[in-house]
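Colleague: Thanks for making time for this one. Could we go through the model together, term by term?

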Amino acid sequence: MLPHVLVLGGTTEARELATALTGRPGTRVTTSLAGRVSRPGALAGDVRVGGFGGAEGLAAWLRERRVDVVVDATHPFAATITANAARAAATTGIPLVVLRRPGWRPGPEDRWHPVVSPEAAAGLLPRLGHRVFLTTGRLGLAAFAHLTRTRFLVRSVEPPEPPLPAQTRVLLARGPFTVADETALLRDHRIEVLVTKDSGGAATSAKLTAARDLGLPVVVVRRPPLPAGITPVGDVPSALRRLDTLDRP
């Protein structure tokens, strides 16, 4: 068995993977959290919170703690962490498995506007609508702060970091959400356009269905690319199978 697995976490998949791995005799699991959520849920195995000090710091930590494999199960938009993990793995020779839930895909009835960044999303909004449901997380809202004539409903698990747009109402909530609830939310706030990141997963996908049913445009921020040479797995069972191949003599 693999004696020590470091899981770079913060997602549902990371939690599920840690639970599965701790059930394997002889496997030690450490989950690392960035510390951006003040009250993370319970996790199986050991837990550490905070950064490593870049790729060099992570490489040193891997050596000191005798880690045998790293699983990057961070958010699809945690590009810096993933890049540091790739560099640290290459430096130390420790295998890296990247677990990424599949992204969302538009259907024939969807009115999606893909963009490469929150700044690009902000540039589209004046011609799409002036009542915006913004679900890009609590970071990076400064990209929309200059839109003083736009009304924003911002949903986040924790209070968003300033600066915020002048006309902003904050809704603190954690998924999963239902299509019925999302439809009611969009109607009640007279939302004209939805802005979201392509996070993937079922917990927050209901808003896309609700927007489609209401005929609303959706601005979707694309995921950052993975480092060169990395082929991710899409779910926990696939990650476990990949780890099993690494454990073979």
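Colleague: What makes β1 and β4 a pair, and in which sense do they run, parallel or antiparallel?

Modeller: Two strands pair if DSSP finds at least two bridges between them, and β1 and β4 have four bridges, in the parallel sense. Leu6, for instance, stands opposite Val70 in β4. Strands here are DSSP runs of E with at least two residues, helices are runs of H or I with at least four, and both are numbered from the N terminus. Please keep in mind that this is a predicted model: local features need pLDDT of at least 70, side-chain atom pairs count only at pLDDT 80 or more, and totals for chains, interfaces and linings use all residues. Residues are numbered from 1 along each chain as its sequence is written, and side-chain values use heavy atoms, with hydrogens and water left out.

Colleague: Which strand pairs with β4 over three bridges?

Modeller: That is β5 (residues 96-98), again in the parallel sense. Val71 stands opposite Val97 in β5. From β4 the chain crosses through helix α3 (residues 79-92) to β5, in a right-handed β-α-β crossover. Right-handed means that, with the strands pointing away from the viewer, the path from the first strand over the helix to the second runs clockwise.

Colleague: How do you know that both faces of β4 are covered?

Modeller: Val69 and Val71 on one side, and Val70 and Asp72 on the other, are all buried, that is, under 20% relative accessible area with a 1.4 Å probe, protein chains only (exposed is over 50%, partly exposed in between).

Colleague: Why do you say that the buried residues of α1 line one face of the helix?

Modeller: The buried residues of α1 (residues 12-22) are Glu13, Ala14, Leu17, Ala18 and Leu21. Seen down the axis of α1, they fall within an arc of 135°, so they line one face; the arc is that of the directions from the helix axis to the C-beta atoms. They pack against β1 (4-8), β2 (28-33), β4 (69-72) and α7 (236-246), where contact means heavy atoms within 4.5 Å.

Colleague: And what makes β6 and β9 the edges of the six-stranded sheet?

Modeller: The open sheet has the order β6-β11-β10-β7-β8-β9, with parallel pairing. β6 (111-115) and β9 (168-172) each have a single partner strand, so one side of each is left without a neighbour in the sheet. For β6, the partner is β11 (residues 217-221), paired over five bridges, with Val221 as the bridge partner of Val115.
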